[in-house]
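Please look over the sequence and the model below before reading on.

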Amino acid sequence: MSEEIEAAKKHFENILKEQLERVNRLKKSDQWVDFSQLNPLIIGIIRGDGIGPEITKHAQKILEFLLQEHISKGRVQLRIIEGLTIENRAKAMKSIPDYVLEDIKKCHVLLKGPTTTPRKGDKWPNIESANVFMRRELDLFANVRPVKVPEKCIDWIFFRENTEGAYVLGSRGINVTEDLSVDFKIITTQGAERILRLAFEYAKNNDINKVTVVTKANVIKTTDGKFLAIAEKISKDFPEVEWDDWYVDIITAKLIDPARQDQFRVFVAPNLYGDIITDEAAQIQGGVGTAGSANIGKKYAMFEAIHGTAPRMVEEGRTKYADPSSLINAASLLLSHIGFNELSQKLNMALDICANYERKLKISGREDGVTGEQFTNYLIDTLKDSNLLEKWNKQCH
Ligand code: IPM
Ligand code: MG
């Protein structure tokens with residue numbers, strides 16, 4: 001027994017040392033990259049697994065279309081990053097093989113298709129998720145996920161902490177004995193401050209008078225308690241922004257309560273709660289296939305769909321019917337992050353028209369709908385329309 005406890009203590013000691021070093025790094029806060037100074041600005045494209053290569057191809061086509069002038073002048077480069085497949089990751093026994101990580105770090109921002117996340121009992125070794133590893137390795141601390149349902153007056157944006165919580169050590173838990181398993185959850189002052197500040201700043205800069213903080217601080221008293229206490233502190237720097245706090249269970253209910261839905265605007269939450277409520281929110285918007293996700297750090301940023309690789313679609317031969325809107329939404333978030341706000345807005349309007357209003361072609365994920373390629377061509381035709389703004393104003397208001 002004491003041997004097992006000693007081994008667990010050693011494991012815990014190592015984790016604590018690493019995390020305290022991490023806190024020290026966080027204290028030396030870096031400057032945000034200025035994308036306008038980069039020439040060329042390199043956008044890496046990672047195809048991923050399952051339906052990933054298919055939907056990435058379509059999102060890439062949209063980026064090529066919108067950025068054609070900048071690409072031809074050499075100011076922007078699209079670069080395919082090869083090798084982030086589950087087969088290669090299993091072979092290297094790494095979440096991201098070293099050579100792929102090197103290529104990734106040579107890009108400024110990334111558009112990423114979904115990647116397989118193995119779990120115990122799969123045919124793959126149970127390695128850590130490539131997403132979770134990448135978010136930690138590139139310090140992409142803010143997972144920003146917008147969700148809009150105009151007819152219900154829903155206009156939400158989620159700021160999910162992306163580098164701590166139940167995730168940061170999710171793959172480092174221990175089986176102390178055959179019968180006792182322990183995972184770790186971590187919240188640091190610096191980690192909580194930076195995500196909370198970003199959410200409050202977003203509200204302030206966009207004249208939004210409401211931030212909702214989601215925790216389970218009544219039960220998970222230490223870590224969630226800290227997150228909430230820091231929210232209270234940060235909120236004092238933003239007296240013009242009202243804020244409230246909800247527990248994750250009741251907010252999950254309130255997100256589908258018509259009497260409440262339009263009152264929420266900006267949410268901020270630790271990692272796991274953010275993961276759960278953003279899938280729910282995406283479903284309210286029309287399905288996880290519709291939502292894009294930005295993973296933002298001060299240096300790097302990665303944009304992806306919020307869903308996974310859809311192995312069932314692949315098995316059932318429905319890959320070509322997969323909805324690329326999620327990743328195209330992510331491409332729009334990417335464009336606005338690197339300073340092409342106008343292009344991003346144009347793309348949002350075209351998506352609104354094609355997916356929500358005009359809906360000349362309907363994508364359902366099945367044979368009764370159009371293929372991702374047909375939908376993408378429809379989007380491009382809509383983008384080419386010189387009356388796009390008028391069309392959007394007429395249909396979407
Ligand atoms: C997400 C996904 C990932 C997560 C998975 C694929 C590891 O669900 O981006 O929300 O849990 O963060
Ligand atoms: Mg998720």
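In helix α14, the buried residues are Gly372, Phe375, Thr376, Tyr378, Leu379, Ile380, Thr382 and Leu383, where buried means under 20% relative accessible area, exposed means over 50% and partly exposed lies in between, with a 1.4 Å probe and protein chains only. Helices (H or I, at least four residues) and strands (E, at least two) are DSSP runs, numbered from the N terminus. The 13 residues of α14 should span 18 Å at 1.5 Å a residue, and its end C-alpha atoms are 18 Å apart, which agrees; the expected span of a helix is 1.5 Å times one less than its number of residues.

This is a predicted model, in which local features need pLDDT of at least 70 and side-chain atom pairs count only at pLDDT 80 or more, while totals for chains, interfaces and linings use all residues. Residues are numbered from 1 along each chain as its sequence is written, chains are lettered from A and ligands numbered from 1 in the order in which they are written, and side-chain values use heavy atoms, with hydrogens and water left out.

Helix α12 (residues 325-337) has 13 residues and reaches 18 Å from its first C-alpha to its last, close to the 18 Å expected at 1.5 Å a residue. Its buried residues include Ser325, Ser326, Leu327, Ile328 and Ala330, together with Ala331, Ser332, Leu334 and Leu335. After α12 comes Gly339, with a positive phi near 105°. Helix α2 (residues 52-66) has 15 residues that should span 21 Å at 1.5 Å a residue, in agreement with the 21 Å between its end C-alpha atoms. This helix is mostly covered, since 11 of its 15 residues are buried; among them are Glu54, His58, Gln60, Ile62 and Phe65.

## Packing of α1 against α7

The axes of helix α1 (residues 2-27) and helix α7 (residues 189-205) come within 9 Å and cross at roughly 40°, the axes being lines fitted to C-alpha atoms, for helices over the stretch in contact, with angles that run from 0 to 180 degrees between N-to-C directions. That makes α1 oblique to α7, given that angles under 35 degrees count as roughly parallel, over 145 as roughly antiparallel, 65 to 115 as roughly perpendicular and the rest as oblique.

On the α1 side, Arg22, Val23, Leu26 and Lys27 meet Gln190, Gly191 and Arg194 of α7, where contact means heavy atoms within 4.5 Å. By class, this contact of α1 with α7 has 2 nonpolar, 2 polar and 3 charged residues; Ala, Val, Leu, Ile, Met, Phe, Trp, Tyr, Cys and Pro count as nonpolar, Asp, Glu, Lys and Arg as charged, and the others, Gly among them, as polar.

Not counting residues up to four places away in sequence, Ile43 touches partners including Leu63, Val76, Val109, Leu334 and Ile338.

Gly44 lies in strand β1 and is buried, with a relative accessible area of 0%. Gly44 and Ile81 are 37 residues apart in sequence, yet their C-alpha atoms are 6.1 Å apart. Beyond its neighbours within four places in sequence, Gly44 is in contact with Arg79, Ile81, Cys107, Val109, Leu110 and Leu111. In strand β8 (residues 210-215) is Thr212, which is buried with a relative accessible area of 0%. Not counting residues up to four places away in sequence, Thr212 touches residues including Asp244, Trp246, Phe264 and Val268.

## Loops and backbone geometry

Most residues other than glycine have a negative phi, and most peptide bonds are trans. A cis peptide bond joins Asn39 and Pro40, with omega about 0°, and Pro40 is found in the loop between α1 and β1 (41-46). Met93, in the loop between α4 (86-92) and α5 (98-105), has a positive phi near 55°. Arg359 has a positive phi of about 45° although it is not a glycine, and is partly exposed, with a relative accessible area of 35%.

Phe184 lies in the loop between β7 (181-182) and α7 and counts as buried at 14% relative accessibility.
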